[in-house]
Amino acid sequence: MNALVVVANGSESMEAVTIINVLRRGEVAVTVASIESGREVEGTRGLKLTADALWADVAGRDFDLIALPGGEKGAQALSAHAGLVDKLKAQRQAHRWTGAICASPALVLSAHGLLDGKKATCYPSFREQLLHYVDLPVVVDGHCVTGQGPASAVAFGLQLVEVLAGAEKRRSVAQGLLAA
């Protein structure tokens, strides 16, 4: 199992770090890629995040999951990145997993028709941008997992572990996090 977490300047640092950490605890091979010109991005609250790779290094690879942290500015940058949008469309076509949390379900997935016909959640201030908004911390529909925001990042990460590695692995990781 392998996952790609894509970050940009303005990505919500709490969500990015939580997603990466929880997936790695679930023994998922995670690659963090920056869409910026360098591997270091400035996340929210002035936190510096260092990606494993640049977008160009991973663009040609397939991943079982592509996950997008939120943060309004970061989500806008992700949405404007044509290569990422094309990769997300191919991910959906191939019935591979996509995850987005906070602003990203609305500003990235919905903005590019990737939530058409799907129930999803997002940060509540963006709810009008989702046709089938569900007011829950985490929503799974088809091969898409969406989350509401920083406080639901652990639950979101655990759901990603479950869809990739199964319910038992999720329980094990949740117990280790005292989230069970």
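In the predicted model, Ile35 touches Val6, Val7, Ala8, Trp55, Ala77, Leu78 and His81, when residues up to four places away in sequence are not counted. Ile35 itself is placed in the loop between β2 (29-34) and β3 (40-42), and because its relative accessibility is 14%, below the 20% limit, this loop residue counts as buried. One of its contacts, Trp55, lies 20 residues apart from Ile35 in sequence, while the C-alpha atoms of Ile35 and Trp55 are 5.2 Å apart in space.

Turning to the helices, α1 (residues 13-25) and α6 (residues 153-165) have axes that come within 9 Å and cross at roughly 35°, and the crossing in which α1 passes α6 is right-handed. On the side of α1, the contact is made by Glu15, Thr18, Ile19, Val22 and Leu23, whereas α6 contributes Ala153, Val154, Phe156, Gly157, Leu158, Leu160, Val161 and Leu164. The residues of this contact between α1 and α6 comprise ten that are nonpolar, two that are polar and one that is charged.

Methods. Residues numbered from 1 in each chain as written. Predicted model: local features only at pLDDT ≥ 70, side-chain atom pairs only at ≥ 80, totals over all residues. Heavy atoms only, no water. Axes fitted to C-alpha atoms, helices over the stretch in contact; angles between N-to-C directions. Helix = DSSP H or I, 4+ residues; strand = E, 2+ residues; numbered from the N terminus. Left-handed = near helix turned anticlockwise from the far one by under 90°. Contact = heavy atoms within 4.5 Å. Nonpolar A, V, L, I, M, F, W, Y, C, P; charged D, E, K, R; others polar. Buried < 20%, exposed > 50% of the residue type's maximum accessible area, 1.4 Å probe, protein only.
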